[in-house]
Amino acid sequence: MTDDAAAAPTCLARPLPGPDENGIGCAAARGVDGRPLHAAALKFFWGPMDCGKSTMALQMNYNHARQGRRGLVTTRIDRSLGPQVTSRIGLAHSAVEVTDSLDLRTLVRDTWAEGVRVDYLICDEASFYNVEHVEQMAELVDGYDVDVYAFGLATDFRSCLFPAAQRLFELADEVARIQIEVLCWCGREGLLNARVVDGRVVREGAQVVIGDTADSAEVRYQVRYQVLCRRHYRSGDLGPRS
């Protein structure tokens with residue numbers, strides 16, 4: 001064996017044990033000392049509507065895939081209402097729709113069992129996931145050496161944290177606010193996602209209601225959402241175009 005061969009990492013196609021999986025898990029590349037080559041992490045990227053969360057998710061997926069890594073893209077309640085991640089600038093990518101019954105660990109294990117490597121997960125619209133899904137994300141990182149990149153809102157139309165977002169704040173290795181600036185109609189920084197029904201800001205109702213986010217007269221009497229600064233969110237002032 002040459003020195004170069006001795007120094008080369010070895011990919012062991014064998015299960016990695018998870019905390020509660022009876023020794024069944026995902027394979028991962030490991031060095032000659034048996035330690036993971038890649039120190040996986042759970043990262044949460046958040047911001048208000050229109051700040052480019054889905055665009056960043058797709059860019060992240062592209063960057064990792066370009067370097068030879070293989071991943072899965074998941075979403076829940078995408079604006080397209082289909083199993084794909086879409087962005088307002090026209091980018092799109094097929095995705096696995098996350099349902100209440102979907103176990104992200106099982107998704108990864110089943111994919112690996114089909115002979116497809118999984119190095120990372122892109123989880124778009126993560127604020128709409130269940131808290132259990134966030135726990136599964138953390139387990140994939142800690143037990144299976146799979147990176148998880150979650151993207152989503154922090155707060156709902158009442159300015160309260162989504163349960164999944166709260167758990168991501170508590171568990172993530174890294175939390176980053178997306179820096180694309182979103183403006184309120186007044187020019188101040190947009191912070192909060194207002195739900196607008198019949199042209200008025202509403203503060204009661206189900207936490208998740210799908211609505212048109214377009215800002216036009218045609219959708220005035222439908223459910224839609226608008227980013228506002230704190231001052232105008234509190235006053236319910238939608239601006240002169242409302």
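The charged end of Arg-195 sits over the ring of Phe-157, 3.7 Å from the ring centre. Arg-203 does likewise with Tyr-233, its charged end lying over that ring at 4.8 Å from the centre. A charge counts as sitting over a ring if NZ of Lys or CZ of Arg is within 6 Å of the ring centre and within 35 degrees of the ring normal.

A word on the ground rules: this is a predicted model, in which local features need pLDDT of at least 70 and side-chain atom pairs count only at pLDDT 80 or more, while totals for chains, interfaces and linings use all residues. Residues are numbered from 1 along each chain as its sequence is written, and side-chain values use heavy atoms, with hydrogens and water left out.

Turning to the aromatics, the structure holds four aromatic pairs. Rings of Phe, Tyr and Trp (its six-membered ring) pair if their centres lie within 6.5 Å; planes under 30 degrees apart are called stacked, over 60 edge-to-face, and the rest tilted. Phe-44 and Phe-169 make an edge-to-face pair, because their ring centres are 5.4 Å apart and their planes stand at 80°. Phe-44 belongs to strand S3 (residues 42-46) and Phe-169 to helix H5 (residues 163-171), so this pair ties together parts 125 residues apart in sequence. Helices (H or I, at least four residues) and strands (E, at least two) are DSSP runs, numbered from the N terminus. Phe-44 is buried at 0% relative accessible area, whereas Phe-169 is partly exposed at 31%; buried means under 20%, exposed over 50%, and partly exposed in between (1.4 Å probe, protein chains only).

Phe-128 and Phe-162 are also edge-to-face, since their centres lie 5.5 Å apart with the planes at 85°. Phe-128 is in the loop between strand S8 (120-123) and H4, and Phe-162 in the loop between strand S9 (147-152) and H5, so the pair ties together parts 34 residues apart in sequence. Both of these Phe residues, Phe-128 and Phe-162, are buried. Ring pairs also join Phe-44, Trp-46 and Phe-169 into a cluster.

Over in helix H4 (residues 131-144) is Ala-138, buried at 14% relative accessible area. Leaving aside neighbours within four places in sequence, Ala-138 is in contact (heavy atoms within 4.5 Å) with Leu-42 and Leu-171.

Finally, three strands form an open antiparallel sheet in the order S12-S11-S13. Strands pair if DSSP finds at least two bridges between them; S11 (residues 192-197) and S12 have three.
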